[in-house]
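Subject: Structure handover

Hello,

Here is the structure I promised to pass on. Please open it alongside this email.

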Amino acid sequence: MRSVFQYVRPSCLEDAVQFLGKNGAETVILAGGTDLMLAMRKGDVECKYVMDVSRLKELKVVSLQGDHLVIGAAVTYTELVESDLIHAQAPVISAAASCVGSEQIRNVGTLGGNVGNASPAADSIPGLMVHNARLEIVRRGEFITKPLSEIIMGPYRTPLIRGDLITKFLIDRLPHPYHAVYQRIGRRRAMAIARINLAATARLGPSGAICDFRMSIGSMTPQPYRALSVERMVIDKRPDQGLLTEVAALTTAGMLKLSGVRSSTEYKKPAAQGLIIKSLSELFGIPINEGESQ
Ligand SMILES: Cc1cc2nc3c(=O)[nH]c(=O)nc-3n(C[C@H](O)[C@H](O)[C@H](O)COP(=O)(O)OP(=O)(O)OC[C@H]3O[C@@H](n4cnc5c(N)ncnc54)[C@H](O)[C@@H]3O)c2cc1C
């Protein structure tokens, strides 16, 4: 059954915070509505108020603040793709945004909504993880900051409660120059949600050895995965095909330890290994043998 609710659209963040302070427990946040409207149509969401935050200018900001790139929660995928600042400071995030759904979805779907929905296949999450993203959240009038790794607790599970408003993301700026790659395997090309996705960045020293490497993989583990031990293992090594194969094997083993073996493992394990080798060969500019990335 469809629920009856009152639609509210505050004109500034202060008004939104005030409203949520009083009515937060009965209010659901609406941004682009691409996930929420489906859930409401199915009757999965009951509430007294739906608060539309999609036009709050405080949630549309994209700016540099010291060591951070700030991205407002209501920034859409199209805006992520079109922002020169995001392209320069966090290319994995613009690349991921360009892969999302269709033009219509990219025009209204937001970064805050992608994280709020917490799908394990969400395109934005690996890139945000690579940049150690933190979220600013207003809870009952109080501003708090939490790492993204604490926000995605499992598939479609977050510690957010009714009335919590994500206002912005604080993204680490990485030392320049660095290489970056985002790739995903979907069910089909158009409108496909990623089955496995990967974001990685790397910086090479003057000798060609790796001095900084970050990699995050989505859809394989209950929580977003950063391959931290593998990231440390490759430091001071020169990237070559042998190293990429080792990285793929170790990363996949690490993820399987967390997720356990399931019916999808037979497909996902070789697919993840192939995706890692293909993505990292692009990242480091290493040609790969036919079959290595299959
Ligand atoms: C056809 C189709 C194709 C899609 N393709 C992709 C794809 O390729 N990749 C992908 O990752 N996703 C895809 N999606 C899913 C969806 O578009 C994204 O998850 C999108 O980012 C959701 O953003 P939204 O602004 O529409 O969120 P909404 O639907 O408005 O909200 C989603 C959830 O987040 C909460 N929320 C939203 N904003 C905030 C906020 N500021 N603070 C607190 N909570 C908030 C809402 O209450 C709700 O629970 C697709 C969806 C459809 C329908």
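Below is what was found in it, from the whole chain down to single residues.

**The chain overall**

Please keep in mind that this is a predicted model. The chain holds 12 helices and 12 strands. Its C-alpha trace spans about 60 × 45 × 30 Å along the principal axes. Does the radius of gyration agree with a compact globule, or disagree? It agrees: a compact globule of 294 residues would come near 19 Å, and the chain has 20 Å. Buried residues make up 40% of the 294. Take the contacts with a separation of 6 or more: 64% of them join residues 24 or more positions apart.

**Domains**

The domain assignment gives domain 1 (6-52), domain 2 (57-172) and domain 3 (179-284). The C-alpha centres of domain 2 and domain 3 are 21 Å apart. Their contact takes 22 residues from domain 2 and 21 residues from domain 3. On the domain 2 side, helix 5 (91-99), helix 8 (124-130) and helix 9 (148-151) each supply at least two residues. By class, that side of domain 2 has 16 nonpolar residues, 5 polar and 1 charged.

**Around the ligand**

There are 29 residues around the ligand. Which of them come nearest? They are Ala31, Gly32, Gly101, Gly113 and Gly116. Helix 7 gives the most, with 5 residues. The shell divides into 15 nonpolar, 11 polar and 3 charged residues. Domain 1 and domain 2 each contribute at least three residues to the shell.

Helix 5 itself has a run of buried residues: Val92, Ile93, Ser94, Ala95, Ala96 and Ala97. Helix 5 also supplies at least two residues of the domain 2 side that touches domain 3.

**Helix 1**

Helix 1 covers residues 13-23, and its Ala16, Val17 and Leu20 are buried. Seen down the helix axis, these buried residues fall within an arc of 95°, so they line one face of helix 1. An α-helix has 3.6 residues a turn, so residues three or four places apart point the same way. Glu14 and Lys22 are exposed on the other side of helix 1. What covers the buried residues of helix 1? The cover includes strand 2, strand 3 (49-52), strand 6 (134-139) and strand 8.

**The start of the chain**

Val4 lies in the segment before strand 1 (6-8). Is Val4 buried or exposed? Val4 counts as exposed, because it has 8 C-beta neighbours inside 10 Å, and the cut-off for exposed is 12 or fewer. Val4 and Lys48 are 44 residues apart along the chain, yet their C-alpha atoms are separated by 7.3 Å.

**Backbone points to check**

- Pro177: the peptide bond from His176 to Pro177 is cis, with omega near -5°. Pro177 is in the loop between strand 8 and strand 9 (179-186).
- Asn132: this residue has a positive phi of about 50°, although it is not a glycine. Asn132 is in the loop between helix 8 and strand 6. With 16 other C-beta atoms within 10 Å, Asn132 is partly exposed.
- Ser219: this residue is not a glycine either, and has a positive phi of about 75°. Ser219 lies in the loop between strand 11 (210-218) and strand 12 (225-226). Ser219 counts as buried, because 26 C-beta neighbours lie inside 10 Å and the cut-off for buried is 20 or more.

Best wishes

Methods:
Residues are numbered from 1 along each chain as its sequence is written. This is a predicted model: local features need pLDDT of at least 70, side-chain atom pairs count only at pLDDT 80 or more; totals for chains, interfaces and linings use all residues. Helices (H or I, at least four residues) and strands (E, at least two) are DSSP runs, numbered from the N terminus. The radius of gyration is taken over C-alpha atoms; the globule rule is 2.2 Å times the number of residues to the power 0.38. Two residues are in contact if their C-beta atoms, placed from the backbone, lie within 7 Å. A residue is near a molecule or strand if its C-beta atom, placed from the backbone, lies within 6 Å of it. Ala, Val, Leu, Ile, Met, Phe, Trp, Tyr, Cys and Pro count as nonpolar, Asp, Glu, Lys and Arg as charged, and the others, Gly among them, as polar. Domain bounds come from an automatic or database domain assignment. The arc is that of the directions from the helix axis to the C-beta atoms.
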